[in-house]
Amino acid sequence: MRINKLTLEGFRNYRGQTLEFDPACNVIHGENAQGKTNLLEAMVYLSCGKSPRTRTERELISFDGGEARIIGEIYSREREFITDITLRAGSRRKMTVNGVAAKNASELSETLHTVFFSPEDLFLIREGAAARRRFMDQSLCQLRPRYARALAEYHRLYEHKTRILRDREENPGLLAMLPDFNEGMCRMGAILIHYRAQYCRALDAYAAPAHGDCSGGREKLKLRYETVKTVVDPFAKTEDIAQNLRDHQQSHYHAELASGLCLSGPHKDDFLVEVNGRSARQFCSQGQVRTAALCLKLADREIHRSAVGEYPVMLLDDVLSELDPKRQEYVLNRISGGQVFITCCENDRLDRLQAGRLFHIRSGEVVL
Ligand SMILES: Nc1ncnc2c1ncn2[C@@H]1O[C@H](COP(=O)(O)OP(=O)(O)OP(=O)(O)O)[C@@H](O)[C@H]1O
């Protein structure tokens, strides 16, 4: 899939601009605060009706206007689509695909998928497990509706169980409900573990060669899924995993009552990222962290392609800084197979670009 053309009107600092893109590589460069990330943000919005930067639609509408419009001409599933989104201050947004009203944002995803890398994604390597769980969940929810349902149900049960554990001293009768919530969490948790184990295996299989290539063969990336200790085989049948989770629940029963916290379950899952056998979180340099985070996103893109049959559009925001010339060359020229957008500040690196289109952005406009 690809975005052939994008029109922005009154979107952030874009008054009115139409851009036509290369089917493979597009590099957007300019000084700080000119609108490079805004452009990628509009593309993410076209694909899922959400901004990766804000939950407030008003922020997307130009400071001095009351309406923003994003129109994308998209090629996917061997067809042309026009997605047209209008955001209005103080009223509901309007979204159409080929002139037909889209009832919700998920209809936009049927036409366009994007994988977005931003500097915040360095948290994937640097921060605690929550960032990596969010990454797995976001990707799996898009790809597997059964996973999305199980995750929503697991969260619901988790919230209830947390309230039971918290309020049980004032209201001891609540404890009678605990076994039902525990059982539900084991069954839903087993589904989450089943999908996450497979996702991490695929992530590792795709990310490791990308990392090897990008680092010129000097570094070896390894990803390892980590879940509840009693789960001996996360690839086993979900009934077996659920039994392993029950065992863990039981052994933590008293500790959960004493602490008032849910201590057992895949809400604490993680995947370890190692480079050359050492924890990336603790030992990687800035450039290595950026390379590892980028390769996770590239692997996610491959997983989407094998599930959907087409590459999603890859959006790389400010990925080149802190990379050495060889790694920059990899990003600019060797991410093959789908459409890629890369933003960067300095244009001196761009002599390494072998093919594709360059866009110079200044104050929300393309300048020649
Ligand atoms: N709603 C809005 N209306 C008008 N301008 C806006 C709006 N929201 C943000 N801006 C402006 O957009 C600019 C930031 O654009 P963007 O984040 O795309 O920068 P960038 O080119 O990616 O910069 P950097 O290289 O620093 O990351 C800022 O000048 C900001 O004031």
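Modeller: Let's start with Ala207: leaving aside its neighbours within four places in sequence, Ala207 is in contact with Leu221, Leu223, Cys295, Leu296, Leu298 and Ala299. Keep in mind that this is a predicted model, where local features need pLDDT of at least 70, side-chain atom pairs count only at pLDDT 80 or more, and totals for chains, interfaces and linings use all residues. Residues are numbered from 1 along each chain as its sequence is written.

Colleague: What makes two residues count as being in contact?

Modeller: Their C-beta atoms, placed from the backbone, must lie within 7 Å. Leu221 is one of the residues that pass this test with Ala207.

Colleague: Which residues have the most contacts inside the largest nonpolar core?

Modeller: Those are Met43, Ala207, Ala292, Cys295 and Leu315, in a core of 99 residues. Its largest share, 17 residues, comes from helix α6. A nonpolar core is a set of buried Ala, Val, Leu, Ile, Met, Phe, Trp, Tyr and Cys residues joined through C-beta atoms within 7 Å. Nonpolar side chains tend to be buried together in soluble globular proteins.

Colleague: And why is Glu239 called exposed?

Modeller: Count its neighbours: Glu239 has 9 C-beta neighbours inside 10 Å, so it is exposed. The rule is that 20 or more other C-beta atoms within 10 Å make a residue buried, 12 or fewer make it exposed, and anything in between is partly exposed. Glu239 sits in helix α7 (residues 238-251).

Colleague: What makes β9 and β10 a pair?

Modeller: Two strands pair if DSSP finds at least two bridges between them. Strands β9 and β10 (residues 270-275) have 6, and they run antiparallel. One example is Leu221, whose bridge partner in β10 is Val275. Next along, β10 and β11 are joined by 2 bridges, also antiparallel. Together they form an open sheet in the order β9-β10-β11.

Colleague: Why are β8 and β15 said to stand at the edges of the other sheet?

Modeller: That sheet is open, with 6 strands in the order β8-β12-β13-β3-β14-β15 and mixed pairing. β8 (114-117) and β15 (365-367) each have a single partner strand, so one side of each lacks a neighbour in the sheet. Inside the sheet, β3 (residues 25-29) and β14 (residues 357-362) pair in the parallel sense over 4 bridges. There, Ile28 has Phe359 as its bridge partner in β14.

Colleague: Last one: how is the chain divided into domains?

Modeller: Domain 1 is 2-113 + 312-367 and domain 2 is 126-282, with bounds from an automatic or database domain assignment. Their C-alpha centres lie 33 Å apart. The contact between them takes 5 residues from domain 1 and 5 residues from domain 2. On the domain 1 side, helix α11 (residues 325-333) gives the most, with 3 residues.
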